[in-house]
Structures are given as C-alpha cells and as structure tokens.
Amino acid sequence: MKGLVQGVHYRRSVKDFVDKEAPGLIGLVQNLPDGRVEVIAQGDKGLLHNLHEFCLKGPPRAKVLSVEVTAYEGQLGELQSFEIRY
C-alpha cells in the first residue's frame, strides 16, 4: 500500500480484519523502509478478495493512494497464522 499508511494503525487494522473477517488466512503485514506497508497472505480466494477490498481503504485515518497486487511465489515458512512483523 502506498499513501498515508504508517502511523495510522494500518498494520493493527489489517490484523484485526483478518482475525475477525478472514480467519483462514495466513501471512503477515509489515512496514517497509520506504513508507509503504506490505501484506503477504495465503488462503481462500474469497477471503483474499475481502482482504484486498479492506486494504484499499484501510483504517479511518489512512489515505491509501494505491494497492499493488502480485502473486507471491515464495513460501511463508513457519507461519501458522496471520501476524504483524515489527
């Protein structure tokens, strides 16, 4: 995500959304050094779509300018749930 997405509880909001609305997803959300937020998620297509829709708006104080979606070819390794990386 690009825009005002750091310092507005974006990561916590994504985690809360997944926990409540898409509990089958595994992955992570983390801040990137350039000010963007990265979400990597794996799971049911419908749940991924719902997460994408949420990411387009984010929490109330966020101003999302763009969301880039790419297929992630890597492995999520040891992840068993959805987590925030600090």
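What follows is a chat about a predicted model, covering confidence, a pocket, salt bridges and a proline.

Biologist: Before I dig in, what should I know about the model?

Modeller: It is predicted: local features need pLDDT of at least 70, side-chain atom pairs count only at pLDDT 80 or more, and totals for chains, interfaces and linings use all residues. Residues are numbered from 1 along each chain as its sequence is written, and side-chain values use heavy atoms, with hydrogens and water left out.

Biologist: What is the mean pLDDT of the protein?

Modeller: The mean is 91, and 100% of the residues reach 70 or more. pLDDT is the predictor's confidence in each residue, from 0 to 100.

Biologist: Where is confidence lowest, and where highest?

Modeller: Lowest is strand 1 (residues 2-4), with a mean of 79, and highest is helix 1 (residues 10-21), at 97. Helices (H or I, at least four residues) and strands (E, at least two) are DSSP runs, numbered from the N terminus.

Biologist: How many residues line the largest pocket, and which lie nearest its centre?

Modeller: There are 23, with V39, I40, E68, V69 and T70 nearest the centre. Strand 3 (37-42) and helix 2 (45-57) each supply at least two lining residues, and the largest share, six residues, comes from strand 3.

Biologist: How does that lining divide into nonpolar, polar and charged?

Modeller: It has 14 nonpolar residues, five polar and four charged. Here Ala, Val, Leu, Ile, Met, Phe, Trp, Tyr, Cys and Pro count as nonpolar, Asp, Glu, Lys and Arg as charged, and the others, Gly among them, as polar.

Biologist: Switching to K15, is that lysine buried or exposed?

Modeller: K15 counts as buried because its relative accessibility is 16%. Buried means under 20% relative accessible area, exposed over 50%, and partly exposed in between (1.4 Å probe, protein chains only).

Biologist: And what does K15 touch?

Modeller: Leaving out residues up to four places away in sequence, K15 touches F82, E83 and I84. Contact means heavy atoms within 4.5 Å.

Biologist: Which residue does K15 form a salt bridge with?

Modeller: That would be D19, with the closest N and O atoms 2.9 Å apart. A salt bridge is a side-chain nitrogen of Lys or Arg within 4 Å of a carboxyl oxygen of Asp or Glu. Both residues sit in helix 1, four residues apart, about one turn of the helix. D19 is partly exposed, at 40% relative accessibility.

Biologist: How many salt bridges does that rule give?

Modeller: Four. Among them, R36 pairs with D34 at 2.8 Å between the closest N and O atoms, and E83 meets R85 at 2.9 Å, N to O. E83 is partly exposed at 28%, as is R85 at 29%.

Biologist: Last one: where does P59 lie?

Modeller: P59 is in the loop between helix 2 and strand 4 (63-66), and counts as buried because its relative accessible area is 6%. Not counting residues up to four places away in sequence, P59 touches V8, H9, Y10, S13 and F54.

Definitions and conventions. 1 Å grid on protein atoms, 1.4 Å probe; cavity = no way out; pocket = protein on both sides within 12 Å on 5 of 7 lines; lining within 4 Å.
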